[in-house]
Amino acid sequence: MDEALVIRDARPSDAVGIAKVHVATWQSTYPGLVPDTYLVNLSEAAAAMRWHNAVQAHGPGQGALVAVDAADSVVGFATYGGRRIPVEGYEGEFYALYLLDEAQGQGLGRRLMATMAERLQEGGKRTAVVWCLRDNPARWFYERLGGVRVAERPIRFAGAELVEIAYGWRDLAPLARLSAGPEMR
């Protein structure tokens, strides 16, 4: 793993970098899963405005993280907080986790998940879920980290009928222990 890659709390000044990762990862991950017109029309400028506001909304057990390279450029991000969609027995939720293609395979996804688990625990949450598209091949990542499939639901997104599945962790402590790596700054 590249030791120059660091995970830290997201700042409003990271909004443009987060937006670039957001658009690039959606366009590389979701072709064939969500309508192409949606992907083609993604706007880094619009996403940057949304992310500027979103990274300011944080508190105990809620926030946004970024993975940055030696130049402090965002190569990935993750967001977490209280559960948004009811799944019995789960309190927290991992909202998003995206890494540029070139940043994958270096342990950053695992470290981001572990750091989010730590933060959720600090906010008093002991359990959590993540929702992802059933047909997303990257969903196996969550199983490798101990997530168990706990729910499924149909959704309508950009005019398409899709299915989301939830992976759950009944105890965040083992996941949180995976955060070993360079200290956050």
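**Labels and their cut-offs**

Mentor: A search of the whole structure turns up 12 aromatic pairs.

Trainee: Why is the pair of Trp26 and Phe157 called tilted?

Mentor: Their ring centres lie 5.8 Å apart and the planes meet at 40°. Rings of Phe, Tyr and Trp (its six-membered ring) pair if their centres lie within 6.5 Å; planes under 30 degrees apart are stacked, over 60 edge-to-face, and the rest tilted. An angle of 40° falls in the remaining class, so the pair is tilted.

Trainee: Which elements hold Trp26 and Phe157?

Mentor: Trp26 sits in helix α1 (residues 15–29) and Phe157 in strand β6 (residues 148–157). They are 131 residues apart, and the pair links distant parts of the chain. Helices (H or I, at least four residues) and strands (E, at least two) are DSSP runs, numbered from the N terminus.

Trainee: What kind of model is this?

Mentor: The model is predicted: local features need pLDDT of at least 70, side-chain atom pairs count only at pLDDT 80 or more, and totals for chains, interfaces and linings use all residues. Residues are numbered from 1 along each chain as its sequence is written, and side-chain values use heavy atoms, leaving out hydrogens and water.

Trainee: Why does Trp26 count as buried?

Mentor: Its relative accessibility is 14%. Buried means under 20% relative accessible area, exposed over 50%, partly exposed in between (1.4 Å probe, protein chains only). The 14% of Trp26 is under 20%, so the residue is buried. Phe157 has 22% and is therefore partly exposed.

Trainee: What makes the pair of Tyr30 and Tyr98 edge-to-face?

Mentor: The centres are 6.5 Å apart, with 80° between the planes. An angle of 80° is over 60, so the label holds. Tyr30 lies in the loop between α1 and α2 (36–40), Tyr98 in strand β4, so the pair ties together parts 68 residues apart in sequence. Both tyrosines are buried. One aromatic cluster consists of Trp26, Tyr30, Tyr38, Trp51, Phe77, Tyr98 and Phe157.

Trainee: Why is strand β2 (residues 63–68) said to be largely enclosed?

Mentor: 6 of its 6 residues are buried, so the rest of the structure largely encloses β2. In a regular strand, side chains alternate between the two faces of the sheet. Both faces of β2 are covered: Gly63, Leu65 and Ala67 are buried on one side, Ala64, Val66 and Val68 on the other.

Trainee: Which way do β2 and strand β3 (residues 74–82) run, parallel or antiparallel?

Mentor: They run antiparallel, joined by 6 bridges. Strands pair if DSSP finds at least two bridges between them, so β2 and β3 qualify. Gly63 has Tyr80 in β3 as its bridge partner. Strand β1 (residues 6–9) also runs antiparallel to β2, with 4 bridges. There, Arg8 is partnered by Val66. The hairpin of β2 and β3 has 5 residues between the strands, and Asp72 in it takes a positive phi near 65°.

Trainee: How many bridges join β6 to β7?

Mentor: There are 9, and the strands run antiparallel. Ala151 stands opposite Ala166 in β7. Strand β7 (residues 160–169) is mostly covered, with 9 of its 10 residues buried. On strand β5 (residues 128–133), 6 bridges reach β7, again antiparallel.

Trainee: Why is Glu93 called buried?

Mentor: Its relative accessible area is 1%. That is under 20%, so Glu93 is buried. Glu93 belongs to strand β4 (residues 92–99). Its side chain reaches the backbone nitrogen of Arg84 at 2.8 Å.

Trainee: What makes Ser28 partly exposed?

Mentor: Its relative accessible area is 37%. The side chain of Ser28 makes a polar contact with that of Asp101, at 3.4 Å.

Trainee: How many helices and strands does the protein chain have?

Mentor: The protein chain comes to 6 helices and 7 strands. Its radius of gyration is 16 Å, close to the 16 Å that the globule rule gives for 185 residues, so the chain is as compact as a globular protein of that length. The radius is taken over C-alpha atoms; the rule is 2.2 Å times the number of residues to the power 0.38. Of the 185 residues, 48% count as buried.

How values were computed
A polar contact is a pair of N or O atoms within 3.5 Å; within protein, one must be able to donate a hydrogen and the other to accept it, and residues adjacent in sequence count only if both atoms are side-chain atoms.
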